[in-house]
Amino acid sequence: MSRTALRICPLCEATCGLTLTIEGTRVTHARGDRDDVFSQGFICPKGASFGAVDSDPDRLRTPLVRRDGELREATWEEAFDAVAAGIRPVVERHGPNSVGVVLGNPNVHTMAGALYPTVLLAGLGTRSIFTASTVDQMPKHVSSGLLFGDANAIPVPDLDRTDHLLLIGANPLESNGSLCTAPDFPGKLKALKARGGTLVVIDPRRTRTAKLADRHVAVRPGTDALLLAAMAQVLYEEGLVDPTPHVQGIEELAGELREFTPEAVAEACDVEAGVIRGLARELAAAPTAAVYGRIGSCTVPHGTLASWLVDVLNILTGNLDRPGGALFPQAATDKTPRPAGPGRGFALGRWHSRVSRHPEAKGELPLSALAEEIDTATEEGEPVRALIAVAANPVLSAPDGDRLDKALDSLDFMVSVDPYLNETSRHADVVLPPPPPSQSPHHDFAFNTLAVRNQVRYTRPAIPLEPGRMAETEILARLILAVTGMHGADPAAVDHMVIDQTLGKAVKEPHSPVHGGDPRELAGRLTGDTGPERRLDLMLRLGPYGDGFGVRPDGLSLEKLLAHPHGIDLGPLEPRLPQPLKTRSGRVELLPGPIADDLPRLRAALAERPEGLVLVGRRHLRSNNSWMHNVPALTGGSNRCTLQIHPEDAERLGVQNAEPVRVKGAGGEVTVTAEVTDAVRRGVVSMPHGWGHDRPGTRLSHASTDPGVNVNQLLDGRLLDPLSGNAVLNGVPVEVAPGAAPESPAVTEKLTALT
């Protein structure tokens, strides 16, 4: 007998609602939930493959503990005993910074990953923190922190109401959107065009998104900030500045941008000056407009400046914080809104990495520096001797995975929370596997702060927890206890502690709806079957739409949310300034000091010209980094690891379509199959991220049959955006030459068949 259950898809940032068909304890089918208040039935290939992802036979079902050099199955008690015995002595002997923590991208796709890592980091007290953010979006966090005083205050384009959308370094028809949570992003772009709006795409590749655009500008990789600066200069020069209110620094910025004329940047960007002027004029003339930049403009040498200039253009045209422009979402679990006014601001470089002295950003060190923090001794501080990796695979996601591979082998101890034995977790002394998504609850804490429409949804587990499994929330709670000297305590104590601390602060805040209340009495009124549900109830009640524990009877609570299984629509994005600002001035600080100090580096780039080929990445619709290559339904077809190269470059170098080529960069050399296509501009080659599943000791049976190559092995980790510490992954010089056959013939056979 089959049944259906609702589930929010955790496989990308679109957060679509799914209706699952379940037979026994297995998901046999997934379709879009037509009644979902946000996604309204949209589904992509990843969501349709939910059942295959969920039931992958290579998913670990029990903990693994290393004994006599081999990882062997163990009980949960044995696993956490080993964690406590492995981590605590390192902390006590060498200090908290000797324990590194790596948080991977999947953390923002689970409730556990949202609720527990901050508690883990606070309990450990370590500054050796590394996340996927510094190979992805850290420049946007830094620019938002400097502009608005809050690194998480990221405005998103109002896709449903804008008249003019300019995308730079973004390909949402493949990614489904990123730092902009929007189910059916393709449909929203088509609706924009259908209502007479304009779509402009700036990208060195003719992506699926670029093919949909009214105008595609094939900029030279890595020059995004120069192009955006020139557009802003045109706005000043031609009197087109009509800025957003609550902004300071308008006049000062004009002087800083004076040199970045379209004529000055044209050769470096390989975009005609007239085209740049036209882009600026059209942006200013549109009734409403939004500029949106993503990973292609973040993972470049001037990533923070490019991210800053995206918002500068929105500000100078008056499109920040207005309908049809770029607005700040308001998630249901946001903190109680405080009155507008000056805040603490945002600071960079409060501490530095031990070896290369990289400044922290948002409390994190560059992931590119992880290997050297492990394998390099210095007189200052202890190296990282133990590592906790939560849903992270930095051997593939960080530059120079070969070096990191060796460094991980040298650790005193490592624990990995991961459902797979992959390229990173294979080094662990203990592997703690979370259950599959169908057996976990879901609420999007992070992505709702980036959503193009305010809404709230929650789904309980679609399938009961399988015997022998442990909920991911309990795994992380027990991990916190084990590494902070409280091993053996009730894991519910972690949730109790967070609730007590949160309510203790809330009752002291004058703007809180529970100001002056009794924390114990309020805690007793929370509902929910589990600690995580009680924490969700707490956040909903104290949030901007909450019932305030009865102060606003029509407000949100967990009980009310459970009564609306398809979610609750909270309405379109609305102007919110100056309330979200936490700068010291209480205004948008258009020209913060660190940005002004980095502009001379951008001026120097006016004279730079890359010689030879440069590398850019690309995204596949059926992949999310390295997550899904072990699922047969999500591999093959267009989802393949190839080097895309322009026909003229291929002819000049003697490269043949579907034949092997050698690609060499500062970090190493790989052999990959060539895909000759005019979808990339001349002088540019492209490889996807997340491949390279050929290392021994993994249990990825399908991925290993067609492993691809690790594009990040071409990087040595030295190229970083200095403000954010983000790795430079795009616009990187490489050498390409015909090469020996790759280890796996599968990709070559597919390409040959296609051609």
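Which residue in strand 5 is the bridge partner of Leu-64? In strand 5, that partner is Glu-73. Strand 4 (residues 64-67) and strand 5 (residues 70-73) run antiparallel and are joined by four bridges; two strands are said to pair if DSSP finds at least two bridges between them. Helices (H or I, at least four residues) and strands (E, at least two) are DSSP runs numbered from the N terminus. Strand 4 and strand 5 form a hairpin with two residues between them, and Asp-68 in the turn has a positive phi of about 55°.

The model is predicted, so local features need pLDDT of at least 70 and side-chain atom pairs count only at pLDDT 80 or more, whereas totals for chains, interfaces and linings use all residues. Residues are numbered from 1 along each chain as its sequence is written, and side-chain values use heavy atoms, with hydrogens and water left out. The predictor's confidence in each residue, pLDDT, runs from 0 to 100. Its mean over the protein is 96, and 98% of the residues reach 70 or more. Over residues 741-755, pLDDT stays under 50; for this stretch the model has 29 contacts beyond four places in sequence, a contact being heavy atoms within 4.5 Å.

An open sheet is formed by four strands in the order 11-10-9-13, with parallel pairing. Strand 11 (215-217) and strand 13 (290-293) stand at the edges with a single partner strand each, so one side of each is left without a neighbour in the sheet. On average, neighbouring strands of this sheet are turned by 15° against each other, direction ignored. Strand 10 (residues 198-202) pairs with strand 11 in the parallel sense over three bridges, and Val-201 has His-216 as its bridge partner in strand 11. Helix 15 (residues 303-316) lies across strand 9 (164-168) and strand 13, and runs at about 175° to strand 13. Axes here are lines fitted to C-alpha atoms, for helices over the stretch in contact, and angles run from 0 to 180 degrees between N-to-C directions.

Two helix pairs can be followed next. Helix 3 (residues 76-94) and helix 19 (residues 472-483) have axes that come within 8 Å and cross at roughly 40°. The two helices, helix 3 and helix 19, are therefore oblique to each other; angles under 35 degrees count as roughly parallel, over 145 as roughly antiparallel, 65 to 115 as roughly perpendicular and the rest as oblique. The contact involves Trp-76, Phe-80, Val-83, Ala-84, Ile-87 and Arg-88 of helix 3, together with Ile-475, Arg-478, Leu-479, Ala-482 and Val-483 of helix 19.

Helix 10 (residues 224-237) and helix 12 (residues 262-269) pack at an angle of about 160°, their axes being 9 Å apart. That makes helix 10 roughly antiparallel to helix 12. From helix 10, Leu-226, Leu-227, Ala-230, Gln-233 and Val-234 meet Pro-262, Val-265, Ala-268 and Cys-269 in helix 12.

Strand 23 and strand 24 form a hairpin with two residues between them, and Lys-664 stands opposite Glu-669 in strand 24. Strand 23 is also joined to strand 26 (residues 732-738) by four bridges, again antiparallel. In strand 26, Ala-737 is the bridge partner of Arg-662.
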